[in-house]
Amino acid sequence: MPYLIAAVVLIGLLSALNLVLTLALVRRLREQGAAHRGHAGPPMALGPGSQIGDFTATTTEGEPVSPADLPALVAFFSANCAPCHELAPRFAELTTGLPRLAVVTGDDPELVAVLSPAVRVVVEDHDGAVSSAFQNTWTPALYIVDGGHRVVAAGGRLEDLPIESPA
């Protein structure tokens, strides 16, 4: 009988210790989460400083596009993507000193129509030349690329980039 009592007391002490450690871990994770509560952003394969690959594409107006057309603000949109449809008009109205290139993956004439009056637009498949050069698998995705074909900034919203957007 004394062995049984000792075992129950030991299990109770270990359970209490486990509870205290778990509560401390939860508190620490909450503290760290509070510091990182901002927009996490899309999973970008190329971050600042990354070199983009080579590509050749044709815009909806029949103009060739390649890395020689950089620096630029490059955006990736896809068909049936609600956040893409929300961002597209803001991207089209954006006034920066950089040329803008929009890459639309999939068949979405409405999205192309919103972008094309003000932006050079390339329509391609998800594994198209421009998407492959940027290793882009997520939309919407935005990149600022310099003349050396390096990514200066990347994000999933205009607010993630160091540009001034119209109010």
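The questions and answers below concern a predicted model of one chain.

Residues are numbered from 1 along each chain as its sequence is written. In this predicted model, local features need pLDDT of at least 70, side-chain atom pairs count only at pLDDT 80 or more, totals for chains, interfaces and linings use all residues, and side-chain values use heavy atoms, with hydrogens and water left out.

Me: Are Cys81 and Cys84 buried or exposed?
Reply: Buried means under 20% relative accessible area, exposed over 50%, and partly exposed in between, with a 1.4 Å probe and protein chains only. By that rule, Cys81 and Cys84 are both buried.

Me: Why does Asn136 count as buried?
Reply: Asn136 lies in the loop between helix H4 (129-133) and strand S6 (141-145); helices (H or I, at least four residues) and strands (E, at least two) are DSSP runs, numbered from the N terminus. Asn136 counts as buried because its relative accessibility is 8%.

Me: Which residues does Asn136 touch, not counting residues up to four places away in sequence?
Reply: Contact means heavy atoms within 4.5 Å. Leaving out residues up to four places away in sequence, Asn136 touches Phe76, Ser131, Ala141 and Tyr143.
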